[in-house]
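Trainee: Can we go through this one together? I would like to start with the side-chain pairs and then move on to the helices.

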Amino acid sequence: MARNPSAMKYHRQSEKRRLANRARKSTIRTFTKKAVAAAEQGDFDAAAKYQKVVQSLVDKAAKASTIHMNAASRRKSRLAGRLAALREASQA
C-alpha cells in the first residue's frame, strides 16, 4: 500500500479512473448487445439507433484512452458488419 501522500493521491486517482473506465466499457457492451438483439428480431430501425449510440460511446472511450483508437475502429466495424449481415439474412 502507498505510504507517502503523493502515492496515496495517485492511488485514489487511479481507482477513480479504473471505475470510470469499467463503467464506460460496460455501457458499450450493453448497447452493443441491444443493437444485435434488435437486429436479430428484425427491428433494424432500433438497431440503427443503438449502433449510433455505440459508435458515439466507443469514440468517447477512445478519446479518453479507455480503449485504443484501433480497438475502437475495430469494434465499430465489426458491429456494422454484423448488423449488415443480419439485415442481408433477413431480406434473403
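This is a predicted model: local features need pLDDT of at least 70, side-chain atom pairs count only at pLDDT 80 or more; totals for chains, interfaces and linings use all residues.

Trainee: OK. How many salt bridges does the structure hold?

Mentor: There are 2 salt bridges, each defined as a side-chain nitrogen of Lys or Arg within 4 Å of a carboxyl oxygen of Asp or Glu. R18 and E15 form a salt bridge through their side chains, at 2.8 Å from N to O. K76 and D59 also form a salt bridge, at 2.7 Å from N to O.

Trainee: Where do K76 and D59 lie?

Mentor: K76 is in helix α3 (residues 69-91) and D59 is in helix α2 (residues 44-63), so the pair ties together parts that are 17 residues apart in sequence. The helices here are DSSP runs (H or I, at least four residues), numbered from the N terminus.

Trainee: And where are R18 and E15?

Mentor: Both lie in helix α1 (residues 5-40), 3 residues apart, which is about one turn of the helix. An α-helix has 3.6 residues a turn, so residues three or four places apart point the same way.

Trainee: Why does R18 count as partly exposed?

Mentor: R18 counts as partly exposed because its relative accessibility is 41%. Buried means under 20% relative accessible area, exposed means over 50%, and partly exposed is in between, with a 1.4 Å probe and protein chains only. E15 is partly exposed at 31%. K76, with a relative accessible area of 23%, is partly exposed, and D59 is partly exposed at 38%.

Trainee: Switching to rings. How many aromatic pairs are there?

Mentor: The structure holds 1 aromatic pair. The ring centres of F31 and Y50 are 6.0 Å apart and the planes are at 50°, so the pair is tilted. The rule is that rings of Phe, Tyr and Trp (its six-membered ring) pair if their centres lie within 6.5 Å, and planes under 30 degrees apart count as stacked, over 60 as edge-to-face and the rest as tilted.

Trainee: Which helices hold F31 and Y50?

Mentor: F31 is in helix α1 and Y50 in helix α2, so this pair ties together parts that are 19 residues apart in sequence. F31 is partly exposed at 22% relative accessibility, and Y50 is partly exposed at 27%.

Trainee: What sits over the ring of F31?

Mentor: The charged end of K34 does, 5.0 Å from the ring centre. For that, NZ of Lys or CZ of Arg has to be within 6 Å of the ring centre and within 35 degrees of the ring normal.

Trainee: Back to α1. How many residues does α1 have, and what does it reach?

Mentor: α1 has 36 residues and reaches 53 Å from its first C-alpha to its last, close to the 52 Å expected at 1.5 Å a residue. The expected span is 1.5 Å times one less than the number of residues. Just after α1, G42 takes a positive phi of about 95°.

Trainee: Which residues of α1 are buried?

Mentor: They are I28, A35, V36, A38 and A39. These buried residues pack against α2 and α3.

Trainee: What is A38 in contact with?

Mentor: Leaving aside neighbours within four places in sequence, A38 contacts D43, A46, A47 and Y50, where contact means heavy atoms within 4.5 Å. A38 is buried, with a relative accessible area of 9%. The C-alpha atoms of A38 and L83 are separated by 9.5 Å, although the two residues are 45 residues apart along the chain.

Trainee: What about Q51: buried or exposed?

Mentor: Q51 is buried, at a relative accessible area of 17%. Q51 is found in helix α2 and touches A35, L79, A80 and L83, not counting residues up to four places away in sequence.

Trainee: And where does T66 lie?

Mentor: T66 is in the loop between α2 and α3 and counts as buried at 13% relative accessibility. With residues up to four places away in sequence not counted, T66 touches N21, R24, K25 and A61.

Trainee: Last one. Is A89 buried or exposed?

Mentor: A89 is exposed, with a relative accessible area of 54%. The place of A89 is in helix α3. A89 and M69 are 20 residues apart in sequence and 30 Å apart in space, C-alpha to C-alpha.

Notes: Residues are numbered from 1 along each chain as its sequence is written. Side-chain values use heavy atoms; hydrogens and water are left out. Helices (H or I, at least four residues) and strands (E, at least two) are DSSP runs, numbered from the N terminus.
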